[in-house]
Amino acid sequence: MIHNKYNKEVTGAEALILALLDEGVKDVFGYPGGAIMPVYDALYDYTDKLNHYLVRHEQGATHAAQGYSRVSGKPGVVFATSGPGATNLITGIADAQIDSTPLVCITGQVSSQFLGTDAFQETDVVGISMPVTKWNIQVTNASEIAPAIAKAFYIATTGRPGPVLVDITKDAQFGKTVYNYEKCHSIRSYFPYPKINTESVKQAAALINDAKRPFILCGHGVLLSNAQNQLLALAEKGNIPVASTLLGLSAFPAQHELYVGYLGMHGNYGPNLLTNECDVLIAIGMRFDDRVTGNVNKYAKQAKVIHFEIDPSEINKIIPAEVPVLGDAKEALELLLPLIKTKNRKEWLDRFVECHEIELEKVINNAIEPTTEKIRMSEVIDKFYKQSKGKAIVVTDVGQHQMITTRYYKFNDTNTNVTSGGLGTMGFGLPASIGAKIAKPEKQVVAVIGDGGFQMTIQELGTIMQSNIAVKIIVLNNNFLGMVRQWQQLFFDRRYSFTEMKNPDFIAIAKGYGIKGKKVSEREDLNESIKEMLDSNEAYILEVVVENEENVFPMITTGAGVSEIILE
Amino acid sequence: MRTTYTISIFTEDRIGLLNRITIIFTRRHINILSITASESEVKGIYRYTIVVSVSEETITKLITQIDKQVEVLKAFYHENSEIIFREIALYKISAEALNQNDLFSKIIHENNARIVSISSDYIVVEKTGDEMEILNLFNSLEIFGMLEYARSGKVAVTKPMKTLTTYLKELENNSKITIKHFNNN
């Protein structure tokens, strides 16, 4: 009865639920416990409007909320109790912070009179989460809940998005208040969208128009500001090659002739090598992460850098910008586009083609059509790519399988890559795929996970079972923590210190959760098994037994510059 | 090269915000030399004054990170030449100093200090000034037996004539990114 909602006396807990509904929230990931019981009690009356997904560990709730947010563009919402419930959120919140993912985390807290007394399940979650949240607050009064939620959503979703946390004491949840929701539209100390300086846009255009070898680096910010079309238009108008960061993948169509590949430590040969040959580097919504730049002292020294960025603290943080353009990427590119002159840059583009030929011959051909006895991870991804036509939402965990997937899956649809980039959180993949599938039930959602990461959050198979989430899971099992093993092989004299794994029977575990699955170890069964997995209407686990000691190449080793990328 | 910078941060009145700001220093392994917090000339807006010794590159990055905090209205940094600053110190010395009254009075007079409390056991002397002046007085008074000594952090006002309210208006019209080190484009 919507008309009764306003000016109605409710408990703080019910005010929270109403506020979430007023923010358009449909799905929540969480786990109940003592200090958040009033909220769960209020939720009981609203399950027709608010879907709650019961995870198996609070970390899973944060990653699910991240997956949900990344594919839907909406903030992910998490409920957890105080103490251990709250501390279990920290990894996911830190991941969301470094990967600019909007989350609204609600934690229960002990009653205000017990604050600071070491009460049962009391922890200073506001203090603990401070370094990893964009903003957080503790609420001790029912009347403060709705305004805090309004601010939380506004801050999480505007400007450079990020996670926020609202800690609500139990007495505030029980307390009575008159519910009257006002959305937050501004905060006087917070300017999420810097006004774009048209002079710098003009300077950027002049640099680009004069450039013989301009090069676009596309980051996550392109997806966050929904600037894919503007980026495409810029590239096409100027005939400018585009490479992507890990989180920028799927912002630019991988099949496009101007797309030259993926940047960074295990990215493609051409875009890394030629970073040090371009004359103008156009960085859009990216932050020059060390995995992208390699040694910064050997990074694009010859180039003039244009940096399109919404967060002022990113400008000049790592790579000095000749022309910084502060503001929303979409808005800035729209201002830039009319100023860009069409230019033939065939010679420059051909350099990328040459590099690609070299990478094909030295790395790719053998990776996707190997002659090894055992299956290689790369051929699994290539076959999965071909069968799904590059249209699946692909969720990866962290490690070799992640680098292989992002190398060999060609993201043809916008915003279909979900991975843990900055924090590199093993255990991210499985719960994130759950959130992604809930946000986009009509899409094929496939998680690709290694045997190590799978076991970090394997309990979320229970969430899949209980909520019937039809995610597909490819477990690439090499019985190793492969990325660490690769480093041990290359830089620690093959001293495989605690990287070999004795694994359980994953298919039996899946069966225990009522999830279908199949284990494949023969190359000839691979295509058919992938088809079976993709065709399944319910969750499905495909375990592929792969080469134990496969290495990911190319590689930029520690201390090396991007142009020192090695192919083998 | 390290320089002493005084950072002035104008903030909303919020529990925990100081913690959020000090974390920015801790995370980068930067020591805070002194810190004070008080309400500014605008009601409800607080002013933190933090002194650090870092390179210019570090200070510019610190300021953008501080400015990025949602409830920070604006952060500035200044070198000593750009600000008027003072510290205050209280020196508690033994009342026996009065036995050498001439010397004691001379020290107080020459250092522009003043006596704020006298009892049968002790005398409390107050001094405002810069770090060096305060330290000089400490050394001079030490001969009388220093019972207790406390020094405040730095408080500072800037020399440029722009008022906080002007900045606040600017903030509302533009955004907080128009700080000086971004105007190089």
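## A first look at chains A and B

Chain B holds 5 helices and 9 strands; here helices (H or I, at least four residues) and strands (E, at least two) are DSSP runs, numbered from the N terminus. The model is predicted, so local features need pLDDT of at least 70 and side-chain atom pairs count only at pLDDT 80 or more, while totals for chains, interfaces and linings use all residues. Residues are numbered from 1 along each chain as its sequence is written, and chains are lettered from A and ligands numbered from 1 in the order in which they are written.

### Chain B

Reading from the N terminus, the elements of chain B follow the order β-α-β-β-α-β-β-α-β-β-α-β-β-α.

### Chain A

Chain A has 23 helices and 20 strands. Its radius of gyration is 24 Å, close to the 24 Å that the globule rule gives for 568 residues, so chain A is as compact as a globular protein of that length. That radius is taken over C-alpha atoms, and the globule rule is 2.2 Å times the number of residues to the power 0.38.

Chain A is divided into domain 1 (2-179), domain 2 (198-352) and domain 3 (373-545). The centres of domain 1 of chain A and domain 2 of chain A, taken over C-alpha atoms, lie 37 Å apart. Between these two domains, 5 residues of domain 1 of chain A are in contact with 5 residues of domain 2 of chain A; two residues are in contact if their C-beta atoms, placed from the backbone, lie within 7 Å.

The table sets out some overall values for the two chains. A residue is buried if 20 or more other C-beta atoms lie within 10 Å of its own, exposed if 12 or fewer, and partly exposed in between, with C-beta atoms placed from the backbone.

| Chain | C-alpha span along principal axes | Buried residues | Contacts (residues at least 6 apart) joining residues at least 24 apart |
|---|---|---|---|
| Chain A | about 70 × 60 × 40 Å | 56% of 568 residues | 77% |
| Chain B | about 65 × 35 × 30 Å | 30% of 185 residues | 77% |

### Where the chains meet

Across the interface, 22 residues of chain B are in contact with 25 residues of chain A. On the chain B side, the elements that give two or more residues are helix H1 (17-27), helix H2 (56-68) and strand E4 (72-79). H2(B) gives the most to this side, with 5 residues.

### Helices in chain A

Let us begin with helix H5 (residues 90-98) of chain A: 7 of its 9 residues are buried, so it is largely enclosed by the rest of the structure. Those buried residues are Ile90(A), Thr91(A), Gly92(A), Ile93(A), Asp95(A), Ala96(A) and Gln97(A). Their cover includes helix H3 (58-72), helix H4 (84-87), strand E5 (103-109), helix H6 (125-129) and strand E7 (163-169) of chain A. After H5(A) comes Ser100(A), whose phi is positive, near 50°.

Next, helix H16 (residues 377-388) of chain A packs against helix H23 (residues 526-535) of chain A at an angle of about 50°, with their axes 10 Å apart. Axes are lines fitted to C-alpha atoms, for helices over the stretch in contact, and angles run from 0 to 180 degrees between N-to-C directions. The residues in contact include Val380(A) and Phe384(A) of H16(A) and Ile530(A) and Leu534(A) of H23(A).

The axes of helix H11 (residues 228-238) of chain A and helix H14 (residues 329-336) of chain A come within 9 Å and cross at roughly 30°. Here the contact is made by Gln230(A), Leu231(A) and Leu234(A) of H11(A) with Lys330(A), Leu333(A), Glu334(A) and Leu336(A) of H14(A).

### Backbone details

Most residues other than glycine have a negative phi, and most peptide bonds are trans. Lys389(A), in the loop between H16 and strand E15 (393-396) of chain A, has a positive phi near 55°. Lys389(A) is exposed, with 11 other C-beta atoms within 10 Å. Asn415(A) also has a positive phi, of about 55°, and lies in the loop between helix H17 (400-408) and strand E16 (417-418) of chain A. Asn415(A), however, is buried, with 20 other C-beta atoms within 10 Å. Finally, the peptide bond from Phe553(A) to Pro554(A) is cis, with omega near 0°, and Pro554(A) sits in the segment after strand E20 (540-545) of chain A.

Conventions
Domain bounds come from an automatic or database domain assignment.
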